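Hello,

Here is the structure I promised to pass on to you. Have a look at it first, and then read my notes below.

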Amino acid sequence: MEDNYVLEISGVNKTFGGLKALSDINLKVKQGTTHAIIGPNGAGKSTLLNTCIAKLVPDSGSIMFAGQDLTDGMTPHGINQLGVSRVFQTPEIFPELSLLNNVMIPALAKRDGAFKFDLFKWLRNENQLQDEAMHYLDDLGLADSSDIRAGSLSRGDKRRLEMAMCLIQHPKLLLLDEPTAGMARHDTNRTIELLKKIKEGGMTKIIIEHDMHVVFSLADHISVLAQGAIIAEGKPDDIKGHPKVREAYLGTAEL
Amino acid sequence: MDSVNPSSKYKDTLSLIIFIVVVLTAPLWGKFIGAGYPDLLQKFAIFGLFAIGYNILFGLTGYLSFGHAVFLGIGSYTAAWSFKLLTMNPVPAVIFAVLLSGIFAAAIGYVSLKRTGIYFAILTLAFAQMGYNLAYSVLTPITNGETGLRVLRDDPRVLDNALGVQIDGSPVGNFFGIEMTGYSGYYFCAIMLILGFYLAMRVFRSPFGMKLIAIKSNQTRMEYTGYNPRPYLLAAFVISGMYAGLAGALMVIVDPLAGAERMQWTASGEVVLMTILGGVGTLIGPLIGAVVIKYFENIFSAINESGLHATFSFLPEWLENIAVTIVSPFVGDGWHMTLGVLFMIVIIFMPGGIMEAIRRLTAWVKRMRG
């Protein structure tokens with residue numbers, strides 16, 4: 001049924017100079033599923049996510065989300081307010097602020113919208129917001145360091161912080177760009193567990209990932225991108241055995 | 001640390017009380033540091049307000065404006081016109097000055113904030129220089145050009161006339177019978193300073209303030225987190241412009257004369273120096289920076305060559321002459337040389353300004369105590 005799709009990418013093209021970064025991408029993401037996008041470096045995975053959040057405007061095509069075309073003059077904050085949050089490949093956090101404030105800021109955006117002149121409110125009276133932020137920090141194992149500067153975290157911890165910042169917004173669609181890159185195995189497993197837990201809550205996710213262990217533990221559906229085009233898609237089991245995929249991307253890798 | 005870190009109600013109340021006491025007793029303690037006279041204390045309060053407001057833009061959002069003196073000028077002219085046309089009472093002068101500088105700040109900010117970084121700074125500078133030159137040329141009917149706008153005895157002052165308030169001698173600001181000269185002038189400024197400080201504290205401790213710091217920290221993340229940074233920046237710009245307008249009005253209230261020179265780029269630069277010297281992004285730092293600069297300006301610019309000769313008179317005459325030659329470029333009109341050197345030392349060794357020095361010192365003392 002048409003209604004079941006949260007995101008519908010149709011006919012998206014993007015060219016940088018002479019390079020065809022995305023060619024005729026068609027992709028549908030079902031409500032409540034985890035859709036993985038895999039492919040070699042430079043295949044256009046991050047570019048595709050960038051077109052979804054108005055970081056890049058595609059040359060042609062449309063990206064429908066919640067009845068709106070995200071490529072049609074939407075602003076990044078407008079898209080976020082519709083319910084799309086993104087974890088970036090290089091963590092985008094607020095280095096000068098405490099972990100607690102880092103997580104409170106997205107929660108405020110969710111509650112109060114893109115602009116609120118709340119100059120005469122005391123931040124310290126936002127107890128409910130603080131509790132919620134602490135709850136998410138705790139989920140990501142960062143509660144003990146809630147009052148330290150976010151800039152002093154390790155790369156893996158910054159990534160987890162960014163995840164908390166996205167999750168507190170309860171997005172309708174969560175975009176994850178290599179959420180476990182730079183994490184130790186222990187933390188990777190923890191992140192997988194967390195993402196599984198979120199999945200049970202019905203959040204729809206698109207995940208870009210190189211770690212096949214992560215992909216096959218989480219994905220319901222996989223699209224394989226190579227040189228800007230989708231060369232295969234299907235259920236994880238189909239993808240594992242797909243000859244074209246083995247050739248283009250997986251090579252001799254053990255699955 | 002003065003940022004939006006969770007700060008207790010108790011701590012904030014305590015610092016506010018200490019602040020009020022220190023400001024209100026300034027005429028007493030000022031004597032001990034040679035600042036116990038009203039002219040200088042008025043300057044402390046006025047430039048302190050200017051810097052506290054400027055810091056809400058520069059300190060919190062990181063947007064460096066090089067043209068905030070234009071709002072100082074607008075505030076001054078507005079206050080002078082309020083004195084000329086309505087009444088010598090400073091209250092309407094303050095209200096009109098703050099409102100008008102706010103309106104101008106909204107317009108200038110709207111255009112300037114289309115750019116960031118160096119381009120933003122250049123745009124604000126361009127607007128300020130435009131204001132300065134307009135005040136000297138085509139706007140002469142409003143600004144009285146080079147002579148400066150003076151409040152005269154035979155100005156209309158419709159409100160005062162209607163209420164039968166008489167002006168004897170040259171007109172001075174008059175707050176319901178209290179003349180705005182000397183210490184009463186200072187206390188009027190002091191009350192404005194306390195209000196301005198309290199408002200700045202509210203900004204620092206509000207979600208709004210935290211979001212401003214977040215914009216400084218990572219504007220990209222703000223946008224992808226669902227915020228539209230533009231209205232936040234504009235609000236900060238307008239608030240800081242209003243503080244500058246208030247400071248400009250106070251200048252006229254304690255001395256009813258408005259000149260275009262206070263809109264010059266050097267005045268815009270001075271508030272940047274005050275903010276950085278005191279500590280960018282800290283609540284009290286910019287005020288301390290303003291006080292330190294105005295205090296040393298007062299000392300250094302008063303020294304002249306004969307004073308130096310007297311100071312070094314214990315030396316043999318040839319050595320005395322050499323000493324005077326070396327030191328004299330740094331005093332009197334050359335005081336800006338001293339300021340420049342001071343500023344370089346701070347930037348190189350203590351980028352966080354005086355507040356960072358205090359922080360390091362307290363940390364060191366704590367360590368020494370074990």
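This is a predicted model: local features need pLDDT of at least 70, side-chain atom pairs count only at pLDDT 80 or more; totals for chains, interfaces and linings use all residues.

Residues are numbered from 1 along each chain as its sequence is written, chains are lettered from A and ligands numbered from 1 in the order in which they are written, and side-chain values use heavy atoms, with hydrogens and water left out.

**Where the two chains meet**

At the interface, 32 residues of chain B are in contact with 39 residues of chain A (contact means heavy atoms within 4.5 Å). The size of an interface is often given as the accessible area lost when the parts come together. Here the buried area is about 3,200 Å², and carbon and sulfur atoms give 64% of that. Buried area is the accessible area (1.4 Å probe) that two parts lose on being put together, summed over both.

The rule also finds three salt bridges across this interface (a salt bridge is a side-chain nitrogen of Lys or Arg within 4 Å of a carboxyl oxygen of Asp or Glu). Asp118(A) and Lys211(B) form a salt bridge, with their closest N and O atoms 3.0 Å apart. On the side of chain B that touches chain A, H1, H9 (182-204), H10 (207-217), H11 (219-224) and H12 (229-254) each supply at least two residues. H10(B) gives the most to that side, with seven residues. Helices (H or I, at least four residues) and strands (E, at least two) are DSSP runs, numbered from the N terminus.

Buried means under 20% relative accessible area, exposed over 50%, and partly exposed in between (1.4 Å probe, protein chains only).

**Salt bridges elsewhere**

Over all chains, the structure holds 19 salt bridges. Side chains of opposite charge can pair when their charged atoms come close.

In chain B, Lys84(B) and Asp155(B) meet in a salt bridge of 3.3 Å, N to O. Lys84(B) lies in helix H4 (residues 69-85) and Asp155(B) in the loop between strand S1 (149-150) and helix H8 (158-163), so this pair ties together parts that are 71 residues apart in sequence. Lys84(B) is buried at 9% relative accessibility, and Asp155(B) is buried at 12%.

Another bridge joins Arg360(B) and Glu356(B), at 2.5 Å, N to O. Both lie in helix H18 (residues 353-369) of chain B, four residues apart, about one turn of the helix. Arg360(B) is partly exposed, at 44%, whereas Glu356(B) is buried, at 15%.

In chain A, you can look for a network of salt bridges that links Arg111(A), Asp112(A), Lys116(A), Lys121(A) and Glu126(A).

**One buried serine**

Ser240(B) sits in helix H12 of chain B and counts as buried because its relative accessibility is 0%. Its side chain is joined to that of His68(B) by a polar contact of 2.7 Å. Leaving out residues up to four places away in sequence, Ser240(B) touches Gly53(B), Tyr54(B), Leu57(B) and His68(B).

**One exposed phenylalanine**

Phe32(B) is found in the loop between helix H2 (26-29) and helix H3 (38-61) of chain B. Phe32(B) counts as exposed because its relative accessibility is 75%.

Enjoy exploring!

Best wishes

Technical notes. A polar contact is a pair of N or O atoms within 3.5 Å; within protein, one must be able to donate a hydrogen and the other to accept it, and residues adjacent in sequence count only if both atoms are side-chain atoms.
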